[in-house]
Amino acid sequence: MTLLITAFAAVISTVVWYKNAPKSQMMVGVLCLMFWGASLMWLVDAVFEYAEIGAEYFAPAPEKMLNDLYLGLSVVALGLIIWVVILLIKDPKGVIKSALFKKKD
């Protein structure tokens with residue numbers, strides 16, 4: 001479930017990045033890399049877990065699926081939070097800079 005959620009997030013962020021690639025001001029490429037890295041991590045985890053438990057991997061208990069759902073959503077939320085923090089620090093459009101240094105008449 002975690003692999004599925006992060007893979008969907010990676011694909012969606014890649015489509016958004018590709019659509020806006022020439023004028024990428026929102027740094028969606030960073031978000032893509034985070035989600036693809038997480039997807040690769042969960043893929044390796046799934047391969048090793050399948051090697052360990054075999055066919056039982058494809059019939060998880062409902063509790064395990066729910067835990068994996070929460071973990072996957074948490075990973076996506078944390079990735080989005082990190083992306084927003086990076087975006088606020090880099091401030092590519094200069095919005096924060098202009099708000100902080102606004103001249104008062």
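Okay, let's start with a definition: helices here are DSSP runs of H or I with at least four residues, and strands are runs of E with at least two, numbered from the N terminus. With that in hand, Thr2 sits in helix α1.

Before going on, a word on what we're looking at. This is a predicted model, where local features need pLDDT of at least 70 and side-chain atom pairs count only at pLDDT 80 or more, while totals for chains, interfaces and linings use all residues. Residues are numbered from 1 along each chain as its sequence is written, and side-chain values use heavy atoms, with hydrogens and water left out.

Back to Thr2, then. Is Thr2 buried or exposed? Thr2 counts as buried because its relative accessibility is 8%; buried means under 20% relative accessible area, exposed means over 50%, and partly exposed is in between, with a 1.4 Å probe and protein chains only. Skipping neighbours within four places in sequence, Thr2 is in contact with Trp42, Asp68, Leu71 and Gly72, where contact means heavy atoms within 4.5 Å.

Now hop over to Ser39, which is in helix α2. Thr2 and Ser39 are 37 residues apart in sequence, yet 8.2 Å apart in space, C-alpha to C-alpha. Ser39 has 5% relative accessibility, so Ser39 counts as buried as well. Leaving out residues up to four places away in sequence, Ser39 touches Leu3, Thr6, Ala7 and Ala10. A polar atom of the Ser39 side chain also lies 3.3 Å from the backbone nitrogen of Ala7.

Let's zoom out to α2 itself. Helix α2 covers residues 28-53, which is 26 residues, and reaches 37 Å from its first C-alpha to its last, close to the 38 Å expected at 1.5 Å a residue. That expected span is 1.5 Å times one less than the number of residues. The buried residues of α2 are Val28, Leu31, Cys32, Phe35, Ala38, Ser39, Trp42 and Ala46, and what covers them includes α1 (2-19) and α3 (62-90). After α2 comes Gly54, with a positive phi near 75 degrees.

What about α3? The 29 residues of α3 should span 42 Å at 1.5 Å a residue, and its end C-alpha atoms are 42 Å apart, which agrees. Buried in α3 are Asp68, Gly72, Val76, Gly79, Trp83 and Leu87, and the buried residues of α3 pack against α1 and α2. Following α3 is Asp91, whose phi is positive, near 50 degrees.

So where do these helices meet? The largest nonpolar core has 11 residues: Ile5, Ala9, Ala10, Met27, Val28, Leu31, Cys32, Phe35, Val76, Trp83 and Leu87. By nonpolar core I mean a set of buried Ala, Val, Leu, Ile, Met, Phe, Trp, Tyr and Cys residues joined through side-chain atoms within 4.5 Å. The elements giving two or more residues to this core are α1, α2 and α3, and the largest share, four residues, comes from α2. Phe35, not counting residues up to four places away in sequence, touches several residues, among them Thr6, Ala9, Val76 and Leu80.

Last stop, the lining of the largest pocket. A pocket is an open set of points on a 1 Å grid over the protein atoms alone, where a 1.4 Å probe fits, with protein on both sides within 12 Å along at least five of seven lines; lining residues have an atom within 4 Å of a point. Which helix gives the most to that lining? That's α2, with five residues, while α1, α2 and α3 each supply at least two.

Notes. A polar contact is a pair of N or O atoms within 3.5 Å; within protein, one must be able to donate a hydrogen and the other to accept it, and residues adjacent in sequence count only if both atoms are side-chain atoms.
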